[in-house]
Amino acid sequence: MRGGNERYENNGLAYKIRRRFHERGARLKKTAAAEGVGVKINGAEVMLYRRVSSTNTVMKELAASGLKDGSIIWSQYQSQGRGRMRRKWDGKPGRALLFSMLVKAAGLEARYAPLYTLFTAAVLAEAVKNVTGLRVGIKWPNDIVVGGRKLCGILSESNLYSGGKVNYLVIGIGLNVNQKARDFPSEIRPASTSLNIETRRHISRVKILKAFLRAWRRRTECLKKNGLSYIVEIWKKYDITLGREVEVINGERWLKGRAVDIGALGELIIETLDGNRVKCLAEDISLGKYYYGKG
Ligand code: BTN
């Protein structure tokens with residue numbers, strides 16, 4: 001963390017975070033064991049690490065030890081960050097906001113779990129918009145984009161009870177905050193962006209996390225009142241996918257059509273050229289150059 005605004009936001013919190021993170025030149029610890037300093041941010045338990053394999057992996061290890069709903073693992077760096085579709089998620093230390101949140105959605109039917117990644121994307125899009133004023137969009141299911149470039153990825157992993165019910169979810173978020181274009185590997189550079197690139201300002205990650213937690217709490221209250229269909233409703237406010245031509249790629253499966261709706265489980269419904277409607281759940285979609293550029 002580079003001092004800056006974060007230093008003044010909350011003296012006690014900033015002091016702890018700075019002691020933990022503001023160590024340019026210091027050697028990063030080899031294991032997470034001596035790390036995990038706890039701070040409270042907007043009522044949430046946040047454990048700070050300088051280096052972990054993956055915040056999702058650490059959260060999964062700690063989840064059984066009585067952590068509270070909404071607890072967060074935040075790390076400066078991940079040596080084995082994971083993305084969707086078994087991809088790697090790499091990054092320079094200290095520039096991105098990398099964290100995992102424990103969501104104790106106990107009793108939720110497993111088939112509804114994918115809706116929580118849509119929920120997370122909508123809540124994070126709202127937080128980013130509130131802090132930066134940027135026009136952010138969501139590419140189904142949960143890539144947050146600005147001007148067609150990817151700003152954030154979300155990886156949700158479920159722990160299930162027998163009987164197909166959720167015990168808890170670990171929702172991992174990688175938000176590009178203060179990276180410059182040169183910080184992205186060349187192969188993903190054209191398709192990636194950060195808040196710094198878009199706003200030309202240094203953006204406080206604590207500010208973003210706080211805004212996210214505030215929005216999460218508010219939207220969760222509404223979710224309890226309105227039921228799961230509320231997720232699709234708020235997701236659609238940021239949607240940049242529906243109405244566009246899409247290609248779906250998942251291993252052997254390839255199909256092309258128009259994205260027409262989101263189903264009750266968070267699936268993308270595609271109308272193919274022959275008029276059939278097909279539901280996609282875990283697939284990766286491409287909006288194609290022409291459409292992607294407008295997001
Ligand atoms: C994607 O493929 O778009 C999802 C990327 C998710 C990356 C985040 S970074 C924090 C958390 N820990 C991980 O190992 N992955 C997620």
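Predicted model: local features only at pLDDT ≥ 70, side-chain atom pairs only at ≥ 80, totals over all residues.
I then turned to the backbone, where a polar atom of Arg 82 is 2.7 Å from a nitrogen atom of the ligand, while a backbone N or O atom of Arg 84 lies 2.7 Å from an oxygen atom of the ligand. I looked up the area next: the ligand taken alone exposes 410 Å², and the protein buries 99% of that.

For the surroundings, I noted 20 residues around the ligand, with Ser 54 and Lys 150 listed among the closest. By class, I recorded 10 polar, 6 nonpolar and 4 charged residues in this shell. Helix 3 (55–62), strand 4 (96–103), strand 7 (149–161) and strand 8 (165–176) are the elements that give two or more residues to the shell, and I saw that the largest share, 4 residues, comes from strand 7.

I then moved to strand 11 (residues 268–272), where 4 of the 5 residues are buried. On one pairing, I found strand 11 antiparallel to strand 10 (residues 253–262) over 5 bridges, with Gly 257 opposite Thr 272; the two strands form a hairpin with 5 residues between them, and Gly 266 in the turn has a positive phi of about 90°.

I also followed strand 11 to strand 12 (residues 277–280), which it joins through 4 bridges in the antiparallel sense, Leu 268 having Cys 280 as its bridge partner. This hairpin of strand 11 and strand 12 has 4 residues between the strands, and I noted a positive phi of about 90° for Gly 275 in its turn.

Note on methods
Residues numbered from 1 in each chain as written. Heavy atoms only, no water. Near = heavy atom within 4 Å. Polar contact = N/O pair within 3.5 Å; in protein donor to acceptor, adjacent residues only side chain to side chain. Areas by Shrake-Rupley, 256 points an atom, 1.4 Å probe, with all protein chains shown as cover. Nonpolar A, V, L, I, M, F, W, Y, C, P; charged D, E, K, R; others polar. Buried < 20%, exposed > 50% of the residue type's maximum accessible area, 1.4 Å probe, protein only. Pairing = 2+ DSSP bridges.
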